[in-house]
Every structure is written in structure tokens, then in C-alpha cells.
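Subject: Structure handover

Hi,

Here is the structure I promised to send over. Have a look at it first, and then read on for my notes.

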Amino acid sequence: MDDLIAGYRRFREVAWPERRQVFEQLAAKGQKPQTLVVACSDSRVDPQMIFNAGPGEMFIVRNVANLVPPYQPDANYHGTSAAIEFAVRVLKVKQVVVMGHAQCGGVHALLDGAPPGAEDFVAEWMEIAEPARRMAEQSGLPGELRQRFCEQCCVKLSLSNLSGFPWVRERVAAGDLKLHGAYFGVASGRLEIMNDDGNFAAV
Ligand SMILES: [Zn+2]
């Protein structure tokens, strides 16, 4: 905990005085972010850092392997879908970015099995991405290339599932909401954006 307290003290000394007015305004007027980001929980892939965004700019939901589950309004607990609903229907964000990344542990578990100690939830969560796993298997690509292909398939799958949410589909059709795919290279620090043809190209 000591390192967290030390980090908080640095925040209070440096970032807070610089941003105090912004935070106060956000507290008084409420948040109005333009962007929803669906990213992985991976500690190396922080959307606010990668997009150099400040407080109030991005609504972020992070989970294992940046997956959007299918639209399933039932009695189960849907943390990711709840965040998407709030961002799209209440905050009325203008764009959604699904950001995958290299060396994703969730995708590794999907391709090679969940690591010991992660059997209760990880494997079942990753079943959302079963179509991506099948595509990766059929690609015939070796090792790292197969993993990268599967990571990018997961981004496409999430975008496809997102389009299955009726109020997302409606706002997209009305030209009021845009959906984007992105992919972050942890080692290179480079971001790739998905084109209309489904390929990822460096920014
Ligand atoms: Zn990941």
C-alpha cells in the first residue's frame, strides 16, 4: 500500500493543482465524455495514457481481453453491458473504441487454456470469444502470429456484438455514433486503427 500512498501524494502535489479547476467543473456540471473505450484490464494498456486524455474525457470499461458480450438482457450480472448502456444511452457518447493489444493474457488463455488458478471465471468469460478462437485455429498461423490474429479477431467480435445492442445499432444507423477498432503494441507503443476493410494499420 505504501507505493500507492506515495503515488497519491505525487498526484496531490503535481496533477491536482494543475487540474483542480477541471475536476471542480466536472463535479459541478457532471461528466460529458465523448468516447467510450472498451479495453483490456491488462496493466500495460491504459487508455487514458495511450490517448493522452484528461479527467472527464473518456468513459472506460476494462475487462479480460476487451470483450463485449452478446446482447443478453436477463437476470445475470452484466458489468460490461451495464457500462455500455450507461455510456451510450445516458451519457450519449459519440464514439466507441474497442482496443485490443499484443501479448493479451486472456487471448492466450483462450488459445492455450486458462492458467492454473484461473478456472472459475476466466475460461468461461473467454467463451464469448469462441468464434475468434476458431478463426485463429483455421488461419493455420504459427505461435505469435496466431495470437496476434486472434487478438484482432476479438476486437472485431466485440464490435460485432456491440452492433447487436439495439440502441447501439439505432444510434449508429442515425449517424449519431461511430464504432472503431484499435490495437496497441505493448513493446512498440504503437497504435493501429481498424480500417473499413477490417485490416489494422498504424496511425
Ligand atoms: Zn489483454
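**Notes on the model**

Asp-112 lies in helix α4 (helices are DSSP runs of H or I with at least four residues, strands are runs of E with at least two, and both are numbered from the N terminus). Before I go further: this is a predicted model, in which local features need pLDDT of at least 70 and side-chain atom pairs count only at pLDDT 80 or more, while totals for chains, interfaces and linings use all residues. Residues are numbered from 1 along each chain as its sequence is written, and side-chain values use heavy atoms, with hydrogens and water left out.

Back to Asp-112, which is partly exposed at 47% relative accessibility (buried is under 20% relative accessible area, exposed is over 50% and partly exposed is in between, using a 1.4 Å probe and protein chains only). Its C-alpha atom is 9.9 Å from that of Gln-147, a residue 35 positions away along the chain.

Just after the helix, Gly-113 has a positive phi of about 95°.

**The zinc site**

Which residues coordinate the zinc ion? They are Cys-40 through SG, His-101 through NE2 and Cys-104 through SG, at 2.0 to 2.3 Å. Donors here are N, O and S atoms within 2.8 Å of the metal (3.2 Å for Na, K and Ca), and water is not among the atoms, so sites may look incomplete. Along the chain, the donors are spaced as C-x60-H-x2-C. Cys-40 sits in strand β1 (residues 35–40) and His-101 in strand β3 (residues 95–101), so this pair ties together parts that are 61 residues apart in sequence. Cys-40 is buried, with a relative accessible area of 5%, and His-101 is buried too, at 1%.

**The chain as a whole**

There are 8 helices and 6 strands, and they run along the sequence as α-β-α-β-α-β-α-α-α-α-α-β-β-β. The radius of gyration is 18 Å, close to the 17 Å that the globule rule gives for 203 residues, so the chain is as compact as a globular protein of that length (the radius is taken over C-alpha atoms, and the rule is 2.2 Å times the number of residues to the power 0.38). Along the principal axes, the C-alpha atoms fill a box of roughly 55 × 45 × 40 Å.

Buried residues make up 38% of the 203. Of the contacts with a separation of 6 or more, 66% are between residues 24 or more positions apart (contact means heavy atoms within 4.5 Å).

**Two backbone spots to check**

Ala-65 is a residue other than glycine with a positive phi, near 70°. Ala-65 is in the loop between β2 (58–63) and α3 (79–90) and is buried at 1% relative accessibility. Lys-92 also has a positive phi without being glycine, near 55°. This lysine belongs to the loop between α3 and β3, where Lys-92 is partly exposed at 44%.

Cheers
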